[in-house]
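Hi,

Here is the structure I promised to pass on.

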Amino acid sequence: MIPLGNDWDELLEDEFKKDYYLRLRQFLKSEYRSKAIYPDMFKIYEALRLTSYQDTKAVILGQDPYHGPNQAHGLAFSVQEGVAIPPSLVNIYKELHSDVGCTIPNNGCLIPWARQGVLLLNTSLTVAAGQANSHRDRGWETFTDKVIRLLNEKSTPVVFLLWGSNAKSKASFITDQKHLVLTSVHPSPLSASRGFFGCRHFSRTNEFLISTGQQPIDWQIPNI
């Protein structure tokens, strides 16, 4: 059992005991012992620790963690303070500026979003250094499927922002029509110009939250 310190503990208790998860755990033990794996093993579940089930009102779903040194810290698209802003996040900031007028911050740490109820989740929660998608099909997809299914059952409406093909594969689990599903290509430089720019997901999220009686997200990341 991985203690998360909030209501996810009870909701995911049985998941941590399932055969697929125990196999994943053994795989990760071997990987962390033998090579560089990101994020730090104590930060794998940081998204769930920072954003409880009850507090989640929006989900930004990415692919897998950044695979460069000192970047990933358990939140999709976020990097630790003092680390250069990666190209995908640069594009997210560009769309934020265009959509809701946010100024471009001097850092890529998205913890302020997490603390407002934005679950920053990847479809796979670990990755080998320099090898994008290297932990795909090891069990993480089943685990994050469960997270999305649970959020689909939430009594209050949730906005799901699914960016890229890995994230969009989760759309079939969001069946309750009270939720809002927003899909786009991934914000990476390879695809952002094919539909991410101009998607207005940030303003549309806030419009939906307000319409359902919830507090909108302050998307402005403060400078450090």
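To start with one for you: is Asn-133 buried, partly exposed or exposed? Keep in mind that this is a predicted model. With a relative accessibility of 23%, Asn-133 counts as partly exposed.

I picked Asn-133 for its backbone. Its phi is positive, about 65°, although the residue is not a glycine. Asn-133 sits in the loop between strand E4 (127–128) and H6. That loop between E4 and H6 also holds Asp-137, another non-glycine residue with a positive phi of about 65°. Asp-137 has a relative accessibility of 65% and counts as exposed.

One more backbone item: the peptide bond between Tyr-38 and Pro-39 is cis, with omega at about -5°. You'll find Pro-39 in the loop between E1 and H3.

Next, helix H2. It covers residues 19–34, and its 16 residues should span 22 Å at 1.5 Å a residue; the end C-alpha atoms are 23 Å apart, which agrees. The buried residues of H2 are Tyr-20, Tyr-21, Leu-24, Phe-27, Leu-28, Glu-31 and Tyr-32. Looking down the axis of H2, you see these buried residues fall within an arc of 130°, so they line one face of the helix. The face turned away from that buried side carries Asp-19, Arg-23, Arg-33 and Ser-34, which are exposed. As for what covers the buried residues of H2, strand E1 (37–38) and helix H6 (140–152) are included.

Glu-31 of that buried set leads on to the charges. Glu-31 has a relative accessible area of 10%, and its side chain meets that of Lys-35 in a salt bridge, 3.1 Å from N to O. Lys-35 is partly exposed, at 40%.

Searching the whole structure gives nine salt bridges. As a general point, side chains of opposite charge can pair when their charged atoms come close. Two others I'd point you to:

- Lys-18 pairs with Glu-15, with 3.1 Å between the closest N and O atoms. Glu-15 is buried, its relative accessible area being 4%, while Lys-18 is partly exposed at 37%.
- Glu-46 pairs with Arg-49, where the closest N and O atoms are 3.8 Å apart. Glu-46 is buried at 14% relative accessible area, and Arg-49 is partly exposed at 30%. The two are three residues apart in helix H3 (residues 46–50), so about one helical turn separates them. Salt bridges with shared partners join Lys-43, Glu-46 and Arg-49 into one network.

There is also a charge over a ring: Lys-154 lies over the face of Tyr-53, at 6.0 Å from the ring centre.

Now the aromatics. The count comes to 16 aromatic pairs. In one of them, Trp-113 and Phe-202, the ring centres are 6.2 Å apart and the planes are at 50°, so the pair is tilted. This pair links distant parts of the chain, with Trp-113 in helix H5 (residues 111–114) and Phe-202 in helix H8 (residues 201–211), 89 residues apart. Trp-113 and Phe-202 are both buried.

Trp-113 pairs with Trp-219 too, edge-to-face, with 5.0 Å from centre to centre and 90° between the planes. Trp-219 is in the segment after H8, 106 residues from Trp-113, and this pair also links distant parts of the chain. Trp-219 is buried, as is Trp-113.

Last, have a look at Pro-86, in the loop between strand E2 (58–62) and helix H4 (87–100). What does Pro-86 contact, leaving aside its neighbours within four places in sequence? The answer is Tyr-66, Gln-71 and Val-79. Pro-86 and Tyr-66 are 20 residues apart in sequence, and their C-alpha atoms are 8.6 Å apart in space. Pro-86 is buried, with a relative accessible area of 5%.

Over to you!

Cheers

Methods: Residues are numbered from 1 along each chain as its sequence is written. This is a predicted model: local features need pLDDT of at least 70, side-chain atom pairs count only at pLDDT 80 or more; totals for chains, interfaces and linings use all residues. Side-chain values use heavy atoms; hydrogens and water are left out. Helices (H or I, at least four residues) and strands (E, at least two) are DSSP runs, numbered from the N terminus. The expected span of a helix is 1.5 Å times one less than its number of residues. Buried means under 20% relative accessible area, exposed over 50%, partly exposed in between (1.4 Å probe, protein chains only). The arc is that of the directions from the helix axis to the C-beta atoms. Contact means heavy atoms within 4.5 Å. A salt bridge is a side-chain nitrogen of Lys or Arg within 4 Å of a carboxyl oxygen of Asp or Glu. Rings of Phe, Tyr and Trp (its six-membered ring) pair if their centres lie within 6.5 Å; planes under 30 degrees apart count as stacked, over 60 as edge-to-face and the rest as tilted. A charge sits over a ring if NZ of Lys or CZ of Arg is within 6 Å of the ring centre and within 35 degrees of the ring normal.
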